[in-house]
Amino acid sequence: MGEQIRALRVASGASGGELARNCGISRSMLSRVERGLVSPSVETLDRIAHGLDIPLSRFFCEPGSRSDMSFVPAGQGIVVERLGAGTDCRHALLGHVLSGNLFVEPHFVTLLPDAQPHPGTQHAGLKFLYMMSGRVRYRYGTRRLELGQGDALLFEASALHGVDAIIEAPACYLAIVLTLRN
């Protein structure tokens, strides 16, 4: 825990003395905590968390289980096939996050020139759409919404959903699926 506190302090740009003053603890106490020479009380940990502007729970998570990232350079998303989506719809995976209890998968979706509507998709989690270009009629349950450039839609993905009609091509949108792990 001491190494974690030191790494967070260094990342914040604070010296040991500055953090100790902000926390209301002595510099020597902070130094001993950072070097693992003493086990801090919950009150001391709470003061340090407050001084670092982080939640107290941060100290009780495994560092490896908190961090995950992916970087995809422009135009280099991984093209994935979606069962039932047909070949007239291109899904480029822009990354994924596997850490923690949340699964996040962003796609850049391009409806190709001969694309047919696919309004019958259903899956667990939440879905967020952001229209980049074009215009579509999107089905969500029994509702039909017209989405154009700049429009956003967030919904429970367990209801039937999908593009019901392409009104103006080319149509491209960002789709982000968020699902809790079991």
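**Note on the helices of a predicted model**

1. The buried residues of helix α4 are covered by elements that include α1, α2 and α3. Here contact means heavy atoms within 4.5 Å, and buried means under 20% relative accessible area, exposed over 50% and partly exposed in between, with a 1.4 Å probe and protein chains only. Helices (H or I, at least four residues) and strands (E, at least two) are DSSP runs numbered from the N terminus.

2. The model is a predicted one, in which local features need pLDDT of at least 70 and side-chain atom pairs count only at pLDDT 80 or more, while totals for chains, interfaces and linings use all residues. Residues are numbered from 1 along each chain as its sequence is written, and side-chain values use heavy atoms, with hydrogens and water left out.

3. In overall composition, the chain has 5 helices and 7 strands, which follow one another along the sequence as α-α-α-α-α-β-β-β-β-β-β-β. Of its 182 residues, 35% count as buried, and among the contacts in the chain with a separation of 6 or more, 59% come from residues 24 or more positions apart.

4. In α4 (residues 42-52), the buried residues are Thr-44, Leu-45, Ile-48, Ala-49 and Leu-52. Seen down the axis of α4, they fall within an arc of 140°, so they line one face of the helix, the arc being that of the directions from the helix axis to the C-beta atoms. Glu-43 and His-50 are exposed on the other side of α4, and Asp-53, which follows the helix, has a positive phi near 60°.

5. Asp-46 also belongs to α4 and is partly exposed, with a relative accessible area of 42%. Its C-alpha atom is separated by 9.8 Å from that of Phe-59, a residue 13 positions away along the chain.

6. Helix α2 (residues 16-23) has Gly-16, Leu-19, Ala-20 and Cys-23 as its buried residues. These fall within an arc of 100° when seen down the axis of α2, so they line one face of the helix. What covers them includes α1, α3 and α4, whereas Arg-21 and Asn-22 are exposed on the other side. Just after α2 comes Gly-24, with a positive phi of about 75°.

7. Helix α1 (residues 2-12) buries Gly-2, Gln-4, Ile-5, Leu-8 and Arg-9. Because these residues fall within an arc of 165° down the axis of α1, they line one face of the helix.

8. How do α1 and α3 (residues 27-34) pack? Their angle is about 120° and their axes are 7 Å apart, where axes are lines fitted to C-alpha atoms, for helices over the stretch in contact, and angles run from 0 to 180 degrees between N-to-C directions. The two helices are therefore oblique to each other, since angles under 35 degrees count as roughly parallel, over 145 as roughly antiparallel, 65 to 115 as roughly perpendicular and the rest as oblique. Gly-2, Glu-3, Ile-5, Arg-6 and Arg-9 of α1 make this contact with Leu-30, Val-33 and Glu-34 of α3.

9. On the cysteines, a search of the whole structure finds 0 disulfides, a disulfide being a pair of cysteine sulfur atoms within 2.5 Å. Cys-23 counts as buried at 6% relative accessibility, and Cys-172 counts as buried at 11%.
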